[in-house]
Amino acid sequence: MPEMQLPKWTEMNQHERHLLIGELIDAMIYSGAAVAVLKDCIEAFRAAGYIKSIILPTPEIEQNGI
């Protein structure tokens, strides 16, 4: 069975991306269970090799409060 072609982040339009991230953040604000589920999902992504790089703030940004 051929794998279904799913859109990557860059193939989604801006509205779809903002909606997806906004809903994830909203769920995590109001539910500890949502945080736990997302953490499990990220661990599964890592194990599957989907995570190629991690975006972290630089020390300069943290010091400036940006």
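The model is predicted: local features need pLDDT of at least 70, side-chain atom pairs count only at pLDDT 80 or more, and totals for chains, interfaces and linings use all residues. Residues are numbered from 1 along each chain as its sequence is written, and side-chain values use heavy atoms, leaving out hydrogens and water. The protein chain has three helices and zero strands. Helices (H or I, at least four residues) and strands (E, at least two) are DSSP runs, numbered from the N terminus.

**Fold and confidence**
- Along the sequence, the pattern reads α-α-α.
- Mean pLDDT, the predictor's confidence in each residue from 0 to 100, is 88 for the protein chain, and 86% of its residues reach 70 or more.
- Among the elements, helix 1 has the highest mean pLDDT (97), and helix 3 (residues 59–64) the lowest (63).

**Surface**
- Of the 66 residues, 2% are buried.
- Buried means under 20% relative accessible area, exposed over 50%, and partly exposed in between (1.4 Å probe, protein chains only).

**Helix 1 and helix 2**
- The axes of helix 1 (residues 14–30) and helix 2 (residues 32–48) come within 5 Å and cross at roughly 125°.
- Axes are lines fitted to C-alpha atoms, for helices over the stretch in contact; angles run from 0 to 180 degrees between N-to-C directions.
- The two helices are therefore oblique to each other.
- Angles under 35 degrees count as roughly parallel, over 145 as roughly antiparallel, 65 to 115 as roughly perpendicular and the rest as oblique.
- L24, A27, M28 and Y30 of helix 1 meet G32, A34, V35 and L38 of helix 2 in a contact (heavy atoms within 4.5 Å).

**V35**
- V35 sits in helix 2.
- V35 is partly exposed, at 29% relative accessible area.
- The C-alpha atoms of V35 and L24 are 9.0 Å apart.
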